[in-house]
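Open the model in your viewer and keep the selection tool ready. The tour goes stop by stop.

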Amino acid sequence: MRDIRIACRIYVKDLTFLAACVAVGWGIGVITALLCMHFLMEPGDGFATIGALFAFFGIAIGLLARGNQNSCTRYALAVSMGQTRRSYLLWDSLASFLECLVFTGVVILLGMAERGLYLSLYPGEEDVLDFIQVFLRYRFALWIVLAACVVFVCLDLLLTALMLRFGRKGMFFFLVPIWVITLIINPALNAVRSNPGSLMSKLGEGLIWLGGFLYGVSGIIAGAALVLVLMGGSVVYLLRAPVRL
């Protein structure tokens with residue numbers, strides 16, 4: 001019971017920080033979208049719920065930097081102040097999952113409000129992304145949200161383990177591959193049509209194949225296995241690793 005009370009006090013405070021990150025992301029996205037539609041778009045170009053997209057990024061930032069501390073610092077402080085490793089990992093992972101789930105619902109509501117705002121200001125235009133409506137139309141969207149929350153918990157544990165093992169360099173081991181992949185995706189997919197036979201188009205074809213594989217049952221099983229391996233390895237290391245402040 002003591003661990004539960006301590007965890008509740010800590011994570012209730014984190015909700016304010018997380019809400020602020022989501023609100024700031026949404027506000028910046030909405031302002032950006034309105035400026036683009038007013039100055040750059042032509043009638044019939046449609047609109048995109050950029051505010052909701054930025055708000056999703058706000059969830060990630062808010063969860064990774066709760067209390068203005070990275071995950072490794074939170075872990076080290078909790079253990080050094082007497083909380084057991086097992087207790088911290090359990091409650092922190094559960095809190096991360098629930099916060100991610102709750103604020104995903106908040107972002108969906110913000111996206112609906114944003115969509116209504118654009119339709120009222122620019123009647124007749126269409127949402128070119130329309131990803132908010134996917135959450136409302138299809139039942140499988142809930143499973144996607146739950147899976148995404150689990151994946152985030154896994155990535156949070158992985159980042160904690162990397163930073164505990166390598167210090168600040170661990171963040172680069174975590175973020176640089178993600179950054180490089182995001183830079184490659186769009187040019188590679190475009191090269192499939194514009195420059196077939198090139199190395200970049202081969203990468204694009206590989207990405208298309210990977211997307212099709214992950215969409216099937218075999219891909220889902222392989223992805224789930226990878227997540228479990230990464231999560232299990234991170235937990236095993238964190239249960240034994242020395243803590244340094």
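**Stop 1: a threonine in a helix**

Select T160, found in helix 6 (residues 140-166). Helices here are DSSP runs of H or I with at least four residues, strands are E runs of at least two, and both are numbered from the N terminus. The model is predicted, so local features need pLDDT of at least 70 and side-chain atom pairs count only at pLDDT 80 or more, while totals for chains, interfaces and linings use all residues. Residues are numbered from 1 along each chain as its sequence is written, and side-chain values use heavy atoms, with hydrogens and water left out.

Is T160 buried or exposed? T160 counts as buried, at 6% relative accessibility. Buried means under 20% relative accessible area, exposed means over 50%, and partly exposed lies in between (1.4 Å probe, protein chains only).

Now show what T160 touches. Leaving aside neighbours within four places in sequence, T160 is in contact with S71, C72, Y75 and L238. Contact means heavy atoms within 4.5 Å.

**Stop 2: helix 3 on helix 4**

Select residues 71-80 for helix 3 and residues 85-121 for helix 4. Two packed helices are described by the angle between their axes and the distance between the axes. For helix 3 and helix 4 the angle is about 140° and the axes are 9 Å apart. Axes are lines fitted to C-alpha atoms, for helices over the stretch in contact, and angles run from 0 to 180 degrees between N-to-C directions.

Helix 3 and helix 4 are therefore oblique to each other. Under 35 degrees counts as roughly parallel, over 145 as roughly antiparallel, 65 to 115 as roughly perpendicular, and the rest as oblique. The crossing of helix 3 past helix 4 is right-handed. A crossing is right-handed if the near helix is turned clockwise from the far one by less than a right angle, and left-handed if anticlockwise.

Show the side chains next. Helix 3 makes the contact with S71, R74, Y75, A78 and V79, and helix 4 with R85, Y88, L89 and D92. By class, this contact of helix 3 with helix 4 has 5 nonpolar, 1 polar and 3 charged residues. Ala, Val, Leu, Ile, Met, Phe, Trp, Tyr, Cys and Pro count as nonpolar, Asp, Glu, Lys and Arg as charged, and the others, Gly among them, as polar.

**Stop 3: helix 2 on helix 4**

From helix 2, pick I50, G51, A52, A55, F56, I59 and L63. They meet S96, E99, C100, F103, T104, V107, G111 and E114 in helix 4. The contact of helix 2 with helix 4 divides into 9 nonpolar, 4 polar and 2 charged residues.

Zoom in on G111, in helix 4. G111 counts as buried, at 0% relative accessibility.

**Stop 4: the cysteines**

Select C149, which is buried with a relative accessible area of 1%. The closest cysteine sulfur to that of C149 is in C100, at 3.4 Å, too far for a bond. A disulfide is a pair of cysteine sulfur atoms within 2.5 Å, and the count comes to 0. C36 is partly exposed, at 23%.

**Last stop: the whole chain**

Zoom out: the protein chain has 9 helices and 0 strands. Buried residues make up 32% of its 245 residues.
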